Amino acid sequence: MSIEFAPGVAQKIRDAIKAWNILPKELPFWVFDELEKLDEDPSLWHPDVDGVFGGAYIHQFAEERPPIVLKASVAFDVERTPEGHVVRILDFASRFIKEE
Amino acid sequence: MNRNAAFLEFILRRAGTGLGRTRLLKLAYMADLLAWRALGRPVSRFRYYFHKNGPFDPLFYEAVEDLCDHDRARCAGTTTASGHDCVFISHNPGLPEPTWEEFSPGDRHLVELVVRRYSRLRLQEFLQAVYETEPMKNVKRNEPLPMEDQRNKDRDRAGGISLETILESRAAFERGESVPFEHLKQELLGTPR
């Protein structure tokens, strides 16, 4: 697999992972797992949003830690080969919810 | 020249050919709408309300006048094939292309997208698309269009992805700057699980 991050996006991921100390421990692993899954299965790609973005892949996670549930979603915008393989990561975003 | 006038000139230059006044105004509205939805703010300073022919701001006329007064554009009255009188506006090709520094890469991207999508569409089809936009729904004539309600709607639907970051990333890749996947993975996760 030959995927590259834009430097600003790599920094966004570093910053997000630093902020995840109290969030699901597996989250950093999920970020990379999801990108690998996206590379292997282009059907996971979510269609373009009104032609403004190239498209987005959004994935949600949840980890139960009684009495709370930690929920997180990560989103990526990527460039792909005609076959659907991921070659460049153009943006990354993450959101978290803590449910009591 | 004010921002609204520069915005109209940018649309005219990207369209390449002259545009009827109605189409130019509606292209401005569509670009502002996409900007609210993707960037969380408009490109121009127009404040649209529901006029008899759709989104309108009287400042539009001032901006066109400003363009013509500065010789950045030319206005000419004409009659359409269907017999309607209209004002046709075109940029001044004798002047060099401005740098457009007042507009962000996201602004420019969205204006170009709107021009590509709508500048050559038949006017009636284009106006129908304008009338079908969310701010035009449930609004009565002479009421302001609730553009602020569109803030970041596309960005939210895309999970928080930022158009400006995407454009910065593309520029970085063009400069040859990148971080390999495996390097970042190893940096952040250490040895494989």
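A crossing of two helices is called left-handed if the near helix is turned anticlockwise from the far one by less than a right angle, and right-handed if the turn is clockwise. The model described here is a predicted one.

**The sheet**

An open sheet is formed by 5 strands in the order S2(A)-S3(A)-S4(A)-S1(A)-S6(B), and the pairing within this sheet is mixed. Its edges are strand S2 (57-65) of chain A and strand S6 (179-180) of chain B, each of which pairs on one side only. Helix H2 (residues 27-40) of chain A packs on this sheet, where the helix touches S1, S2, strand S3 (68-80) and strand S4 (86-99) of chain A, and the direction of the helix makes about 145 degrees with that of S2(A).

| Strands | Sense | Bridges | One partner pair |
|---|---|---|---|
| S1(A) and S6(B) | antiparallel | 2 bridges | A:Glu4 and B:Pro180 |
| S1(A) and S4(A) | parallel | 2 bridges | A:Phe5 and A:Ile89 |
| S3(A) and S4(A) | antiparallel | 12 bridges | A:Lys71 and A:Ile97 |

S3(A) and S4(A) also form a hairpin with 5 residues between them, and in the turn A:Gly84 has a positive phi of about 105 degrees.

The crossing in which H2(A) passes H8(B) is left-handed. On the side of H2(A) the contact involves A:Pro28, A:Phe29, A:Phe32, A:Leu35 and A:Glu36, which meet B:Phe181, B:Leu184, B:Lys185, B:Leu188 and B:Leu189 in H8(B). By class, these residues divide into 8 nonpolar, no polar and 2 charged.

**A helix contact within chain B**

In chain B, the axes of helix H2 (residues 21-39) and helix H4 (residues 105-118) come within 9 Å, crossing at roughly 130 degrees, and the two helices are therefore oblique to each other. Here H2(B) passes H4(B) in a right-handed crossing. Residues of H2(B) in this contact include B:Leu27, B:Met30 and B:Leu34, while those of H4(B) include B:Leu110, B:Val114 and B:Tyr118. The contact as a whole has 12 nonpolar, 1 polar and 2 charged residues.

Methods: Residues are numbered from 1 along each chain as its sequence is written. Chains are lettered from A and ligands numbered from 1 in the order in which they are written. This is a predicted model: local features need pLDDT of at least 70, side-chain atom pairs count only at pLDDT 80 or more; totals for chains, interfaces and linings use all residues. Side-chain values use heavy atoms; hydrogens and water are left out. Two strands pair if DSSP finds at least two bridges between them. Helices (H or I, at least four residues) and strands (E, at least two) are DSSP runs, numbered from the N terminus. Contact means heavy atoms within 4.5 Å. Axes are lines fitted to C-alpha atoms, for helices over the stretch in contact, and angles run from 0 to 180 degrees between N-to-C directions. Angles under 35 degrees count as roughly parallel, over 145 as roughly antiparallel, 65 to 115 as roughly perpendicular and the rest as oblique. Ala, Val, Leu, Ile, Met, Phe, Trp, Tyr, Cys and Pro count as nonpolar, Asp, Glu, Lys and Arg as charged, and the others, Gly among them, as polar.
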